[in-house]
Amino acid sequence: MAGSFRHIAAIAAILTLFLTSCGGDRVKVIPRDELAQIYAEMMMTDQWINSRPDVRRIADTSLVYEPILQKYGYDHQDYLKTVDEYMNDPERFARILRASGDIIEERLTDLRWELEQRNRLEALRKRIEAMTIKSDFKAEEFFPYLFDEA
């Protein structure tokens, strides 16, 4: 993940150097919390692209990132102004990247929990299926709450 941080920071620095002359009056600085969310999505997108050789060959990351910025209501010029602003304070920029890592870790925790739940449900489905195949299966023994006459 540290490699992804460096990758994003390098892209940000290069884009800032080459494209800061472009822009208009409406260019906005993206707030830190939103930038952390945006970077988290960019990093996850990078990982997905890198894991797919067929996509990696044709992916232009500048085009891939634009929809992420648009999702949050920003454009490329806003991003460049933001990076230029935050690069003046490397510690603040590092905190944003750490927050992005925390967002990704939280998402991974959620996905692991979801996978665990799916695995439990699959195991339960198999148990139920195995029991219904038996000739002596009685639904009221397995699902007594369905047969309560209270």
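**Reading the surface and the core**

Guide: Let's start with Tyr145, which is exposed, with a relative accessible area of 57%. Buried means under 20%, exposed over 50% and partly exposed in between (1.4 Å probe, protein chains only). This is a predicted model, where local features need pLDDT of at least 70 and side-chain atom pairs pLDDT 80 or more, while totals for chains, interfaces and linings use all residues. Residues are numbered from 1 along each chain as its sequence is written, and side-chain values use heavy atoms, leaving out hydrogens and water.

Visitor: Where is Tyr145 found?

Guide: Look in the segment after α7 (139-142). Helices are DSSP runs of H or I with at least four residues, and strands are runs of E with at least two, numbered from the N terminus. The protein chain has seven helices and zero strands.

Visitor: How many residues are in the largest nonpolar core, and which touch the most other members?

Guide: As a general idea, nonpolar side chains in soluble globular proteins tend to be buried together. A nonpolar core is a set of buried Ala, Val, Leu, Ile, Met, Phe, Trp, Tyr and Cys residues joined through side-chain atoms within 4.5 Å. Here the largest one has 20 residues, and Ile38, Tyr39, Met42 and Tyr79 touch the most other members. Helices α2 (32-51), α4 (61-71), α5 (76-87) and α6 each supply at least two of its residues. The largest share, seven residues, comes from α2.

Visitor: What percentage of the protein chain do buried residues make up?

Guide: They make up 25% of its 150 residues. Glu105, in helix α6 (residues 90-133), is partly exposed, at 37% relative accessible area.
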